[in-house]
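I opened my notebook to look up a few things in this structure.

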Amino acid sequence: MTLLTHRGGWDATLADLPSVPLPDSTDSYVPVPYPRLVEELKLHIPRFDLTVEDERYALAREGRQMFGVLTCRNGVAADWGLAIGLRSSYDRSLAVDLVSGSRVFVCDNLAFHGESQVSRKHTTNVFRDLPDLMYRMIAAVAGM
């Protein structure tokens, strides 16, 4: 897993994410709170016999962009793991983007790479669609 910050981003903790003010929704924009994005993702991880071993987060552009990487371990075959990268924004510069694979690369310069990737704009029904996108992304690399 790699989370790199070198373009003005800084390391953050999970506890730091709720401190970033959430912008108001509009008719065409529905922001996904950073903590809720992480929470939704963590709800799906155990469905694949995975546990989160490490999680790293970063904020950039005065908190208007968030990046993260979760490193997971397989509870069945201890030699198999999975990394999940995520990014999102409150300034409409990024969709909700997720990437997964045996290795992922997430950088505040917007480099984002892994074996399976999904994306969802911050629009109406984003909360309805995210669980299915997360499940399909993880399933694609978990061999399900």
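Where is the place of Asp49? I found Asp49 in the loop between H1 and E3. (Helices, H or I with at least four residues, and strands, E with at least two, are DSSP runs numbered from the N terminus.)

I noted the ground rules next. This is a predicted model: local features need pLDDT of at least 70, side-chain atom pairs count only at pLDDT 80 or more, and totals for chains, interfaces and linings use all residues. Residues are numbered from 1 along each chain as its sequence is written, and side-chain values use heavy atoms, leaving out hydrogens and water.

I looked up phi for Asp49. It is near 55°, a positive value in a residue other than glycine. Most residues other than glycine have a negative phi. Asp49 has 46% relative accessibility, so it counts as partly exposed. (Buried is under 20% relative accessible area, exposed over 50%, partly exposed in between, with a 1.4 Å probe and protein chains only.)

I then turned to Asn125, in the loop between E9 and H2. Its phi is near 75°, again positive in a residue other than glycine. Asn125 is partly exposed, with a relative accessible area of 38%.

**Entry: the sheet**

I traced 6 strands in an open sheet, in the order E2-E3-E4-E5-E6-E9, with antiparallel pairing. (Two strands pair if DSSP finds at least two bridges between them.) The edge strands are E2 (10-12) and E9 (116-120), and each pairs on one side only. The twist averages 20° from one strand to the next.

I checked one pair. E2 and E3 (residues 50-60) pair over 3 bridges. Trp10 stands opposite Leu59 in E3.

**Entry: the helices**

H1 (residues 34-44) packs on the sheet and touches E3, E4, E5 and E6. (Contact means heavy atoms within 4.5 Å.) H2 (residues 126-142) lies across E3, E5, E6 and E9.

How do I describe two packed helices? I use the angle between their axes and the distance between the axes. The axes of H1 and H2 come within 10 Å and cross at roughly 45°. (Axes are lines fitted to C-alpha atoms, for helices over the stretch in contact, and angles run from 0 to 180 degrees between N-to-C directions.) H1 and H2 are therefore oblique to each other. (Under 35 degrees is roughly parallel, over 145 roughly antiparallel, 65 to 115 roughly perpendicular, and the rest oblique.) Among the contact residues I listed Leu37 and Leu41 of H1 and Phe127 and Met134 of H2.
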